[in-house]
Amino acid sequence: MMTALQETLGSLAALPGVRAALAATESDGLPVASVTVFDVDADALAAFATALFQRTRLANVSAGYGETRHLVLDAERGRLFVALEGDLAIVLLAEPDAAAGLLRVALQRALKAVA
Amino acid sequence: MDAERIQAWKAELARDRESLVFISLVDALRRMRRFDEARRYALQGLERHPHLAGAHDALGRVMADLGDDTQARDEWEFALRLDPSHHASLRGLGFLAYKRRDLAGAEQYLARALHANPADDGLASALRRVRLELRVAPEKAPEPEVKASRPPSPARQSAADEARHLFAALLGDGDRTALLLDRDGLVLAGTYVDGSGREVADEIGAHLSGLADEAGRALKHLGLGRWESLLVESQHATVALAPGLEGAIVLVAAARDTQVGLVRRLLTQARQKAATWMGRAA
């Protein structure tokens with residue numbers, strides 16, 4: 001399982017513009033596995049990404065919007081993608097000009113592969 | 001990291017059951033949304049320190065997070081009996097008063113909280129918004145509680161209506177909604193209704209309170225600069241958020257079949273509208 005997860009993260013990290021790919025548990029925000037192309041604080045990234053996902057998920061539940069599938073955060077110097085299956089979140093950190101559509105699809109496929 | 005500190009605090013409490021670290025522990029557990037655990041530690045702490053205002057405040061915060069406003073209010077009121085200038089309890093009661101649209105009550109509590117801690121910028125911002133809705137001059141003394149039940153004057157009602165319908169024109173008749181929240185998650189303008197037409201703005205605000213500050217800190221640590229927008233796709237809706245003035249958040253939600261590009265465009269327009277309105281109101 002860990003090998004498959006690590007391989008999946010490796011494939012994601014190899015996509016153009018991706019700086020880090022990691023898997024984390026949503027419930028405690030701790031990284032399970034990570035592949036970082038550049039120097040990225042995986043612990044901080046996992047904690048922030050899962051907390052952000054959790055907050056928006058709860059807000060969506062309150063609004064009756066059902067299950068939250070995916071989020072994209074755009075910042076000045078990077079884009080953050082998070083998708084969740086069960087308690088496992090996959091997080092991608094990419095360059096600001098990375099192709100969002102491509103990464104979104106790759107992330108969803110990766111999530112299905114490891115779920 | 002909170003997880004490490006939580007372990008350290010738990011270990012300290014295991015060593016010394018009288019330790020006051022339970023307050024920090026409860027707060028950290030709340031931040032991680034581990035509410036049941038937070039409530040357990042808050043109750044244990046309160047058992048050992050029943051005359052400590054901070055202990056009642058800790059439980060009050062957990063109960064507010066859990067949506068039990070009645071118990072939250074009881075705890076904060078008790079804390080004020082122990083320490084009439086307890087800043088966090090005044091703040092909490094102000095938030096609850098605002099939530100039930102008791103604007104005069106909210107103004108009174110928030111003004112007292114700000115008096116107790118003038119350095120609390122978030123509180124100053126919340127108080128400005130409440131006063132804006134009340135159309136009360138900042139230097140005016142808080143009104144006695146009995147007057148809070150008076151029906152709103154036409155001017156107050158008009159201001160509240162304007163805030164509520166701020167985004168109506170740009171949203172059109174589709175299945176869309178928009179909201180402006182201050183940095184504490186208090187609703188400044190707009191509405192947020194669920195599929196059954198129920199107003200859920202306060203609940204959404206509670207879940208997103210502090211989001212802008214939290215995102216700012218984390219992104220700074222990660223070297224990513226300021227956040228510009230957040231797009232969330234769920235089963236039935238696409239929700240887009242962006243930072244506004246003074247730590248506020250602008251939020252737009254649309255039915256899932258709405259094109260993502262259109263949702264982003266609506267967000268840009270709502271952000272501009274919110275900035276103009278906040279600038280005018282300041």
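Which residues in helix 3 of chain A are buried? They are Leu103(A), Ala106(A), Leu107(A), Ala110(A) and Leu111(A). This is a predicted model, in which local features need pLDDT of at least 70 and side-chain atom pairs count only at pLDDT 80 or more, while totals for chains, interfaces and linings use all residues. Residues are numbered from 1 along each chain as its sequence is written, and chains are lettered from A and ligands numbered from 1 in the order in which they are written.

**Helix 3 of chain A**

- Helix 3 of chain A covers residues 100–114; helices (H or I, at least four residues) and strands (E, at least two) are DSSP runs, numbered from the N terminus.
- The buried residues (20 or more other C-beta atoms within 10 Å of their own, with C-beta atoms placed from the backbone) lie on the same side of helix 3 of chain A, because they cover an arc of only 135 degrees around the axis.
- The arc is that of the directions from the helix axis to the C-beta atoms.
- On the other side of helix 3 of chain A, Gly101(A), Val105(A) and Lys112(A) are exposed (12 or fewer such atoms).

**Interface between chains A and B**

- Contacts (C-beta atoms, placed from the backbone, within 7 Å) link 32 residues of chain A with 35 residues of chain B.
- Helix 2 of chain A provides the largest share of the side of chain A that touches chain B, 13 residues.

**Strand pairing across the chains**

- Strand 3 of chain A and strand 3 (residues 227–234) of chain B run antiparallel and are joined by seven bridges; strands pair if DSSP finds at least two bridges between them.
- Ala75(A) has Trp227(B), in strand 3 of chain B, as its bridge partner.

Notes:
The expected span of a helix is 1.5 Å times one less than its number of residues. Two residues are in contact if their C-beta atoms, placed from the backbone, lie within 7 Å.
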